[in-house]
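Here are my notes on the model, as numbered points. Please read them with the structure open.

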Amino acid sequence: MKQYRPDEEVDFLIIGAGASGGIMAKELSTAGFSVVVLEQGPYLREKDFEHDEIKNTILSGMTNHLARQPHTYRKSDSETARVPNIKFIQYGRQVGGGSVHFTANYWRLWESDFHQKSKFGSVSGAALADWPITYSDLEPYYTKAEEELGVSGLAGANPFEAWRSKPYPLPPLPVKSSGVLFERASRKLGWHPFPAPMAILSQPYRGRGACLHCGFCEYFGCEVRAKSSTLATVIPIAEKTGRCEIRPDSYTRKIEVSSDGRVTGAIYFDANRREVFQRAKCVIICANGSETPRLLLMSQSSRFPQGLANSNGLVGKYLMVDAGYEVHGTFEQPLNEYKSVQATRVIHDFYEPDPKRGFHGGGGIDARFDFYPASFALTGLPPDAPRWGHEWKAMIGRNFNRTMSLLAHATCLAREQNNISLDPNLKDPWGLPAMRVTFEFHSDDVRNMKFLLDRQMEILEAAGAQKSWPDTSDESLLPHNHLLGTCRMGDDPKTSVVDRNHRTHDVPNLFLVDGSSLVTACCQPTCTIQALAYRAADHIAQQARQSKI
Amino acid sequence: MSEVRITRRHWLAVSPVAAAVLAAQEHAHQAARSVQPPPLTILDAAEAKEIEAIAAQIIPADDTPGAREAGVIYFIDHALATFDQYKRPLYTEGLRDLEARRDALFPGSQSIAALQPAEQIRLLQAIEKTDFFELLRTHTALGFFGNPSYGGNRDQIGWKLIGFEDRFQFQPPFGYYDAEHKG
């Protein structure tokens with residue numbers, strides 16, 4: 001792999017080697033530019049991945065750890081934020097980022113997602129806005145992402161899906177028992193189940209082998225490279241150009257600015273906690289919807305006293321996360337749901353908001369199983385089950401292979417009060433301000449989640465579940481993997497942080513490309529984040545060639 | 001042990017296929033015993049005996065092995081030596097309180113391990129809403145169902161109970177309903 005000296009001014013410095021950063025690295029290096037990617041996490045390879053539930057779930061093996069990457073949480077700014085018992089923010093922390101350990105759901109947005117405000121009007125207490133781009137602008141890049149990375153699905157099977165210029169490059173993965181039960185029940189109810197689009201290979205593709213159905217997708221890295229992470233797909237291509245250096249264990253603390261208001265590079269801690277300054281002509285932050293605003297807020301200077309790209313004070317605001325309850329049901333015959341990918345069937349019948357429901361919001365529902373043995377024992381039984389002793393043991397043994405779940409993936413409305421900021425007291429082990437999260441769902445989000453919950457329970461009943469129950473956990477206290485909207489995209493510099501091409505309004509050679517750009521949030525964001533990355537890379541490469549950065 | 005044997009015999013009486021399964025289990029159990037268990041590094045022998053007795057009520061042996069047979073105590077010791085170091089005082093304090101309760105409930109008793117099973121259950125019922133019990137329950141489940149590399153789940157006893165196989169490859173159909181759907 002190419003190595004650059006920190007004092008060499010590279011064309012592009014990318015912060016974060018994840019779902020979007022990996023794509024930026026590949027696109028810009030293959031376009032002929034010199035690229036350094038700083039990744040706070042390690043460079044893990046397939047040989048480092050293990051089927052070890054304790055390591056990956058309890059010990060945060062592939063994600064931020066609350067002790068080493070602490071954050072605080074509060075519902076509103078009238079409270080003092082405290083370190084939560086369970087992390088609120090969860091992100092992938094290695095080369096490949098969240099795309100390494102994600103479940104690999106890969107849903108495109110609907111056309112109407114891009115202009116919800118125009119279509120449905122304002123929502124009281126929410127900062128609903130239209131995107132500055134349309135589905136048509138993004139469609140070629142959705143197609144490119146699906147083709148380049150390798151996505152399995154069935155075009156046309158979802159009667160509600162937006163138009164697409166090409167079918168999925170791979171057929172759907174085999175249906176599981178949960179999918180069969182879900183499909184039968186949904187049809188009975190008059191709804192339209194379809195094979196889950198997954199960034200996991202159902203057949204060999206571009207030198208990688210097909211999924212072997214081991215079942216360790218969510219929270220785990222794929223040992224056989226069947227999951228289409230950026231680690232398994234685009235990052236090796238970037239490295240092969242000889243122009244891209246991936247620098248792991250490099251934790252960026254500040255983006256530096258010159259007197260003329262342009263960024264000049266970034267200061268980071270290397271693996272030995274030494275500070276290094278890497279020079280660059282242009283910086284692209286792809287650090288996720290929580291770390292990107294934190295880094296901007298930490299990058300204060302005399303010219304940008306409120307933090308970088310934050311002249312309007314909007315950096316970190318409008319945080320949106322994954323919403324939706326999970327329900328569980330048990331069946332007479334064995335499902336053996338621990339085998340193969342987590343989800344195989346989905347419905348979008350309630351995806352689009354419908355004013356007749358009396359609130360704004362919608363969502364998809366999938367059939368899934370996302371327990372592993374220990375988490376099942378501790379959290380997979382019905383609420384009235386015994387909690388220890390002979391009966392508990394017997395029930396775990398009976399239920400493990402007879403349980404399936406339905407998860408809703410629902411709208412999260414943007415609220416100005418929900419944000420990422422710097423904690424005024426808590427520091428991380430590097431002495432940097434910890435992230436502070438202020439978040440509470442909009443009341444419409446809660447009503448929408450309850451509406452979807454009723455549909456989920458109806459499906460389990462129609463499927464013939466022997467027993468079914470909703471997960472009663474407080475949704476706002478679970479780890480959130482979708483970290484969105486905190487550096488919103490828009491045409492108006494007063495109401496957004498980046499423009500339609502991800503360039504910050506304040507700094508001409510600073511771009512933000514990740515979940516922070518999203519204007520609205522519904523359902524599964526990774527596909528959209530990666531399509532945005534391909535689109536941004538096209539634009540940025542073109543601008544660089546024309547010396548317009 | 002007497003309780004375990006009675007249960008097993010009862011189970012044998014109603015299940016004609018059980019003999020072979022039991023023989024296989026016995027074999028596995030012997031094989032597990034023949035391997036020298038790792039030494040305890042954090043818990044002293046007396047503490048370990050008490051905690052093991054509690055774990056063995058949280059996941060008891062009946063027609064299948066329980067927490068004791070799965071080596072859950074070695075998992076707990078390993079956890080307290082490594083990733084859950086900071087929980088060591090919770091065990092010391094929790095156990096001290098529990099011994100006091102035992103003394104109050106069963107005057108003259110010597111240890112939790114020496115109580116009759118029914119007495120152990122009564123004692124645990126008295127603390128089942130406490131944080132200490134939740135910690136014991138969590139650690140017992142992790143030690144019973146987690147990866148055997150952490151010292152517990154010996155011979156994959158926990159995974160066998162639930163019908164989980166740790167493999168790199170499965171073929172569809174995976175379950176009853178997708179098999180039926182395929183026809």
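1. In which sense do E9(A) and strand E12 (residues 403-412) of chain A pair, and over how many bridges? The pairing is antiparallel, over five bridges. Strands count as paired if DSSP finds at least two bridges between them. Helices (H or I, at least four residues) and strands (E, at least two) are DSSP runs, numbered from the N terminus.

2. A word on the basis. This is a predicted model: local features need pLDDT of at least 70, side-chain atom pairs count only at pLDDT 80 or more, and totals for chains, interfaces and linings use all residues. Residues are numbered from 1 along each chain as its sequence is written, while chains are lettered from A and ligands numbered from 1 in the order in which they are written.

3. Stay with strand E9 (residues 326-330) of chain A. Four of its five residues are buried, meaning that 20 or more other C-beta atoms, placed from the backbone, lie within 10 Å of the residue's own. A:Gly329 faces A:Met404 in E12(A). E9(A) also runs antiparallel to strand E15 (residues 467-470) of chain A, joined by four bridges. There, A:Thr330 has A:Lys467 as its bridge partner.

4. Next, an open sheet in chain A. Its three strands follow the order E3-E14-E13, with mixed pairing. Strand E3 (71-74) and strand E13 (419-427) of chain A are at the edges with a single partner strand each, so one side of each has no neighbour in the sheet. From one strand to the next, the twist averages 35°.

5. E13(A) pairs with strand E14 (residues 433-438) of chain A in the antiparallel sense, over five bridges. A:Leu422 is opposite A:Met435 in E14(A). Helix H8 (residues 288-298) of chain A lies across E13 and E14 of chain A, at about 60° to E13(A). Axes are lines fitted to C-alpha atoms, for helices over the stretch in contact, and angles run from 0 to 180 degrees between N-to-C directions.

6. Now chain B. Helix H3 (residues 45-58) and helix H6 (residues 117-127) of chain B pack at about 90°, axes 10 Å apart. H3(B) is therefore roughly perpendicular to H6(B), a label for angles of 65 to 115 degrees. H3(B) contributes B:Ala53, B:Ile54 and B:Gln57 to the contact, and H6(B) contributes B:Gln120, B:Ile121 and B:Leu124.

7. Last, the contact between the chains. Chain A gives 36 residues and chain B gives 32 residues; contact means C-beta atoms, placed from the backbone, within 7 Å.

Note on methods: Contact = placed C-beta atoms within 7 Å. Buried ≥ 20, exposed ≤ 12 C-beta atoms within 10 Å, placed from the backbone. Parallel < 35°, antiparallel > 145°, perpendicular 65-115°, else oblique.
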